[in-house]
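Dear colleague,

I am passing on the structure we spoke of, and below it you will find some notes on what came out of it. Please read them with the model open beside you.

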Amino acid sequence: MNDELIALVERASAQTAPWLGQKRQLALRLFDRLAAGAPALLADWQTDPDLGVEQGTSRGVGDLVEQPLLNVAPQFSELLQENLMEKALAWQGNQENAAHLALLNGGRFLYVPDGTERPAPVVLAGEHSHPNVHDLILVGAGATVTIIDDQPMATTKPSFHATELLLGNEPTLTSTSSVTSGPG
């Protein structure tokens, strides 16, 4: 990665929690040491990075918490720090994953605490207009929830939309996902 891109990520990281800014910068600094990723995707991200940040709304229904990934409230920062691209999808896995973390534009954080029972589906909705979004879904032990992912990508840039789903012991989960691409 070039120095100009590293400087852009450092400036963008100033708008996030300090630990996340450090993690994003580390991902770029270690980029060249990692296994290669998708060449076309990485070339676009390096020559024409999009560091705009998607805004989203927060909601809490009962015990359930849903917030924009990059604006997670301090009481959930530790959960995010421990789990974001550390277990299900490792940022150290390859250059594509590292660049995805470094250039992260947004996504959702969904937390379903232990024992929560949700009779109505939780719908992750909204169009993504930036190319690097990430959803982190944590479902606690013994929770029952249906999650519907209906988040189209509305960008012409090469995109990476990752969803990490981490489950506690004995959850009951049904999941539906639809994938649509933007123009082009």
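The side chain of aspartate 135 reaches the backbone nitrogen of arginine 108 at 2.8 Å. This aspartate 135 belongs to strand 5, which spans residues 132–139, and although aspartate 135 is buried, it has no salt bridge, the nearest side chain of opposite charge being that of arginine 108, 6.0 Å away. Beyond its neighbours within four places in sequence, aspartate 135 is in contact with Gly107, Arg108, Asp149, Gln151, His161, Ala162, Thr163 and Glu164.

Please bear in mind that this is a predicted model. The chain averages a pLDDT of 82, and 88% of the residues score at least 70, but over residues 179–184 pLDDT stays under 50, and for that stretch the model has eight contacts beyond four places in sequence.

In helix 3, which covers residues 39–47, the buried residues are Leu41, Leu42, Asp44 and Trp45. These residues lie on the same side of helix 3, because they cover an arc of only 160° around the axis, whereas Pro39, Ala40 and Thr47, on the other side of helix 3, are exposed. The cover over the buried residues of helix 3 includes helix 1 (3–13), helix 5, strand 5 and strand 7 (160–167).

Lastly, methionine 85 sits in the loop between helix 4 (77–83) and helix 5 (95–102). Its phi is near 55°, a positive value in a residue other than glycine, and methionine 85 is buried, with a relative accessible area of 0%.

Definitions and conventions: Residues are numbered from 1 along each chain as its sequence is written. This is a predicted model: local features need pLDDT of at least 70, side-chain atom pairs count only at pLDDT 80 or more; totals for chains, interfaces and linings use all residues. Side-chain values use heavy atoms; hydrogens and water are left out. pLDDT is the predictor's confidence in each residue, from 0 to 100. Contact means heavy atoms within 4.5 Å. Helices (H or I, at least four residues) and strands (E, at least two) are DSSP runs, numbered from the N terminus. Buried means under 20% relative accessible area, exposed over 50%, partly exposed in between (1.4 Å probe, protein chains only). Lys and Arg count as positive and Asp and Glu as negative; His and the chain ends are not counted. A salt bridge is a side-chain nitrogen of Lys or Arg within 4 Å of a carboxyl oxygen of Asp or Glu. A polar contact is a pair of N or O atoms within 3.5 Å; within protein, one must be able to donate a hydrogen and the other to accept it, and residues adjacent in sequence count only if both atoms are side-chain atoms. The arc is that of the directions from the helix axis to the C-beta atoms.
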